[in-house]
Amino acid sequence: MAKTRLSTKATYVERGYGQVEPNHLSAQRTGQIYAQLPAAANIDVLENGQFVKYDYATGVVDFVGAGEWMMVFNEVKLYRDHQDYNDFAMLKSDYMARVYSPVGDLTGTPRARDYTGVVTPADPYEVDSTDDPFHITQWEVPKAMPEGTRMVPRVFKTNVGDIYTTNCVAEETLAVNDILAPGADGYLSKSGDTNAMKWQVVKVYTLPDRQKAVKLMRIA
Amino acid sequence: MALQYNDLVSLMNTIARANPTAPVAYSFNGTNYSYQDLNDTLRKELNEFVGDYRHFREHKYEVYSLIERAVDDVLPRKVQENYQMFAEVQTVPQGDRVLFRRKLSGARTRAKQFVTRVGMAGVYEVWKLGGEESFEVPTSAIGTAVQIPLEEFLDGRVDWAEMLSIVMEGMDELIYHEIGAALRASINQLPTNNVVVSNDFDETEFDRLLYIADAYGPSTIYCTMEFAAKMIPHDTWRYTEAMKAELWQNGRLANYKGRNVVIMPNGIGDETNSRKTVDASWCWIMPGGNAKPVKVVFEGDTLTREEENHDWSRDVHIYKKVGVAALMTNDICVYRDTSLSNMDITALNLNAGIDAVHTDIDVVDSSATDEP
C-alpha cells in the first residue's frame, strides 16, 4: 500500500509529515534555539517546519501570543526500523510528562521575621543581614506541567537570509517567487500574515527523500 | 593531583551510594569517612583536576565524560533504591523502547466459564488463552544548562562537585515527583471499589481495602509518617500496653493488623515550613508479589555539550531521556485522607488532575457503617 500524507494541513506533503532540511539556518550558529516550554494543551501535533510563538509569559508554545514566529525543528526520533524521516512529527500521544521541574514557582508570601537583633549594625558583606532572610523563598515542591500539556518542542528563531528546504506548506502548488508566511495554525501559506515575516520560494525541487519540496529564503 | 579519572569515577559512585546521615559513610584502609568528608574530597580532587585554565583545556572532556558517567551509573540506581517499593527501573540503549507486558485483563475469568459440568467422555468446547497486552513507555528529555564565566572559573569559584550534585538531585527529584504524579493520575485505572477518599482515617473503609488487596496476597501498606500516625484504632480498649508504648516511642504503629507499614520519605517544601514536599494524604496498599505499578525507563546515555561563548564563558548543557508510566492492576488499593493534604499544590495543577480523576470515582462516604 502506498504511503500517504499524514499531515492534515500541510497539503504540499506527499508522504508522511512535513520535513525540514536546514540548508543555512542562523539559529544553529547564534544559539537562538529554544526548548524549555511545553506545547499548549490544544496542540496535538507539531510538524517540523511549522511555526509557533514561544509564549514565555503564558508558559507554553502556542499559535497565539506575543513575539515572533519561531520554526519548529525537533530532533527526529523514530523507534521502528521501517520508519522514515517523514514518519516523524511531534505527536502528543507519544509523550507523557506531568512534572515540569522538581522545584515550583517562586511565589508565596513568607512570614516576616525580625533579625535586627542578630546582626546589628548591618553587615554590608552579608545579604540582608538585618532583614528577613526568608524573603528569598525557595519552594521545593514540584512545578507541574501546565494543565493538559505533555510535550516540549524545540523551536528556532529565524532571521532574514535564512535558507531551508521544506514541504511543510499549506499549499498544493508553489512556484518560484511565491511569498509565504505563517497562518493562524502555524503553517506557511500564500495567505499567511506577511506583516510578521516573509519567506520567498527560491527553488522548487525535492527533499532528501525525493518528495517535492521548496527551498525558502527569509526576506522580511 | 592525587586521583586519576577512574578513581574519580569510583569516588563519585561511592558518594552516590553513601548514606548522608550515617556517621561513617565509607571506610577505606581502616579510616572512616563521613558523607561530608567524601564530598569534600571530591570537590578538592575535581578542582585540582581542572583547577586552572591549562588543566581545564587538557581535561575538560574527561570532566564532561565524568558527569555523563555519574548520571548514567548513579541516577537509575538511585531511582531504583529510593522508589523500589513502587518502581521497576530499566535502562535501554539509544533508540530502543521498553515493552511491558501483562496478562490480558479478564481473560482468565473468561476462560473459566468453559469449565463446566460435563458428561463423561464427551466432546467439550475448547477455549484459548487470552494472551497479553503490552504497554510502551515513551521517553522524553529532562535537562539543564549551567554557565561558567572565565574569571570566576580562574578564581576558583566554580564548584564542579556542587554543579554535578545539583544536576543529579534535580533529575532525581523530578523523577520522584513524576512517579508520584503518575501514580495519582493512574487511579482511574482502578476499580471504584479499590479507592476511598475521606476527610479522616476511616478504619472500617480502610480495612475493606485491606481485605481486597489481601485477597491477592499478604499486603503491605505504603504511606507517609503523617498518615501512619493517624492509622491507629479509635477505641481505647483495643490498645495493648505494647501498642501504647510503641505509639509513644515511634509515633505510629509499625504494623497494622498484621500488615507491614512502610513509611515513604517526606520533607518540608519551603523555608517557612508551610508546605510538604510530598502530599501526605495518600496511602497505597499493595499485595506481595505484585508487579510494581510504576515503570521507569532511561533511554541511552546522558549527553553533555560545551558551548564556548564569545565572552569566553562556557555553557555546559546536559540532558537525559527518561519515561515514567504507571500501570495499575486490580489488586492495588488507594486510601486518601484529604485532611492531610496540607501541601499547597493547587497552583501546581496536580490537584486539578486528581480531582478530575476523582469525579469518575464513587467517593466512599466516610460515615458509612457497612462492615467489610
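Modeller: In this predicted model, the second largest cavity holds about 40 Å³ of space, a volume filled by probe spheres set on grid points joined across faces, edges and corners. Its lining consists of B:Met12, B:Leu46, B:Val63, B:Leu66, B:Ile67, B:Trp160 and B:Leu164; a cavity here is a set of points on a 1 Å grid over the protein atoms alone where a 1.4 Å probe fits but cannot get out, and lining residues have an atom within 4 Å of a point. The structure has three cavities of 30 Å³ or more.

Local features need pLDDT of at least 70, side-chain atom pairs pLDDT 80 or more, while totals for chains, interfaces and linings use all residues. Residues are numbered from 1 along each chain, chains are lettered from A and ligands numbered from 1 as written, and side-chain values use heavy atoms, without hydrogens and water.

In chain A, domain 1 spans 20-98 + 145-218 and domain 2 spans 99-144, with bounds from an automatic or database assignment. Six residues of domain 1 of chain A contact four of domain 2 of chain A, counting heavy atoms within 4.5 Å. The area buried between these domains is about 380 Å², with 51% from carbon and sulfur atoms, as accessible area (1.4 Å probe) lost on being put together, summed over both.

Key:
Buried area = accessible area lost by both parts, 1.4 Å probe. 1 Å grid on protein atoms, 1.4 Å probe; cavity = no way out; pocket = protein on both sides within 12 Å on 5 of 7 lines; lining within 4 Å.
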